Amino acid sequence: MIAMVLSVALQTSPIIELPDETADFVTVQAVVHVPALNENHRNLLKIVGGSLGEETESFTRSQIADIAGRVGGRLRVWVSNDHLRVSMYAVPADMRTAIAMVGSVLKEPVLRPEVLQSVGDDLQSRRYSFWRQALEMTPFALPKYESRDMEWLRTTVFRPENVTVAVAGKFLPGQASQKWQEFLDDWHVGRLPRPEPDEARATTGVKIGSLLSLIELRGPVFSARDANISTKILALIALGTGKDSSLFRVGRERMGIAYRLEGVLTPDPAGFIPRLLVARSQSVDLEKSAEELRVALMEDVKDWTDSARTRAIGMAESVFVKGGDFNPYYFGQERPITRELGDQAFLAAYWQMKTGIPWNPYQFVGRLGFVELADLKQEAENFLAHSILITRSGKS
């Protein structure tokens, strides 16, 4: 049984401990807050993220691989719109070393030009699945950069106050926090550079690399600390999660346009973006179908009764508490968050970083029970009325 026993701010970098006596390993999950970046720096960060873990000033590549390999894994890094995630697993006896390695990856990475070039070339030529392309709002483009860009990115993003760490698995409470504090005591950074404004993101679609086409209803971004976050997430679930959702009833059963459809919550530097994604085999009349879908969904919401609210709460309990299918939390990957220990540790760190409060699925679902039907319908109608219609045609 996992229990969050500690969530404290050490220096300016919180650490969350999730001891689990039944686990055979320890996982260290570091989440780095990423502010709004311009397109060039976003793409540069993706290259940097793909290069992390190769080598640091304190650890060689083989040393990192050896510690992670003892549990059949490797150190992995994901870059999302609003965060960077570093994930590592180790045997319990190597917990302190694993924490030091994850910290070293963030504090003192060795980024060799040839590795950066290789990662950039790979990202430019990589072919992703349809769903990964559908989820990706900022496709990679090879950036142009100088050493000053790399230094600006390093001193802007990789700072202790941007890092939240969660350690889960078999260890005694207090051990992880002590080691992380020891590491922080020797992590010093310079003055925060001046921010650079982000550019507006394109909302018209280039062709998607698949035979399938995409229709998207992208709702307005909302703050992760919005007082109505429970209502907003429940509205997304009611609209697009599961076979009893409005999106399934309207898109699949009534209009027959959908191959795959889901409600997705996408991270953004300003908060979260609620999205309804619909995959279809035809590439004709996408804009017309998108508008028809929006109108039909708005009519469906008008007919919601308390059973729609109850179903949405039940679906939330299924995905957040029981680990069921259709979790809308796609946080930095092409798959949603799972009940696996590493994912749950990551979610604990990410939610603390993003919202300022601990992630507790039981309490979160409990708060959904206080959402009234009228407020739920109003939130769903606001989402649909103010959503941006985006279409991306597949290969002809």
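Colleague: Leaving aside neighbours within four places in sequence, what is Thr-338 in contact with?

Modeller: Thr-338 is in contact with Asp-343 and Gln-344, once neighbours within four places are left out. Keep in mind that this is a predicted model.

Colleague: Where is Thr-338 found?

Modeller: In the loop between α11 (306-320) and α12 (341-355).

Colleague: What separation do you get between the C-alpha atoms of Thr-338 and Gly-323?

Modeller: 6.3 Å. Along the chain, Thr-338 and Gly-323 are 15 residues apart.

Colleague: Switching to Ser-289. Which helix does Ser-289 lie in?

Modeller: Helix α10, residues 286-302. Ser-289 has a relative accessible area of 9%, so it is buried. Beyond its neighbours within four places in sequence, it is in contact with Ile-215, Met-255 and Arg-280.

Colleague: Now aromatics. How many aromatic pairs are there?

Modeller: The count is 19 aromatic pairs. Take Tyr-329 and Phe-331: their ring centres are 4.7 Å apart and their planes meet at 20°, so this pair is stacked.

Colleague: Are those two buried or exposed?

Modeller: Tyr-329 is buried, at 0% relative accessibility. Phe-331 is buried too, at 1%.

Colleague: Which residues form one aromatic cluster with them?

Modeller: The cluster holds Phe-222, Phe-272, Phe-320, Tyr-329, Phe-331, Phe-346, Tyr-350, Trp-351, Trp-359 and Phe-364.

Colleague: Zooming out. How many helices and strands in the protein?

Modeller: 14 helices and 10 strands.

Colleague: What percentage of the residues are buried?

Modeller: 54% of the 396. The protein exposes about 17700 Å², with carbon and sulfur atoms supplying 50% of that area.

Colleague: And of the contacts between residues at least 6 apart, what share join residues at least 24 apart?

Modeller: 78% of them.

Colleague: Last one, charges. How many positive and negative side chains?

Modeller: 46 positive and 49 negative. The centres of the two sets lie 3 Å apart.

Definitions and conventions. Residues numbered from 1 in each chain as written. Predicted model: local features only at pLDDT ≥ 70, side-chain atom pairs only at ≥ 80, totals over all residues. Heavy atoms only, no water. Helix = DSSP H or I, 4+ residues; strand = E, 2+ residues; numbered from the N terminus. Buried < 20%, exposed > 50% of the residue type's maximum accessible area, 1.4 Å probe, protein only. Contact = heavy atoms within 4.5 Å. Areas by Shrake-Rupley, 256 points an atom, 1.4 Å probe, with all protein chains shown as cover. Lys, Arg positive; Asp, Glu negative; His and termini not counted. Charge placed at Lys NZ, Arg CZ, Asp CG, Glu CD. Phe/Tyr/Trp six-rings, centres within 6.5 Å; stacked < 30°, edge-to-face > 60°.
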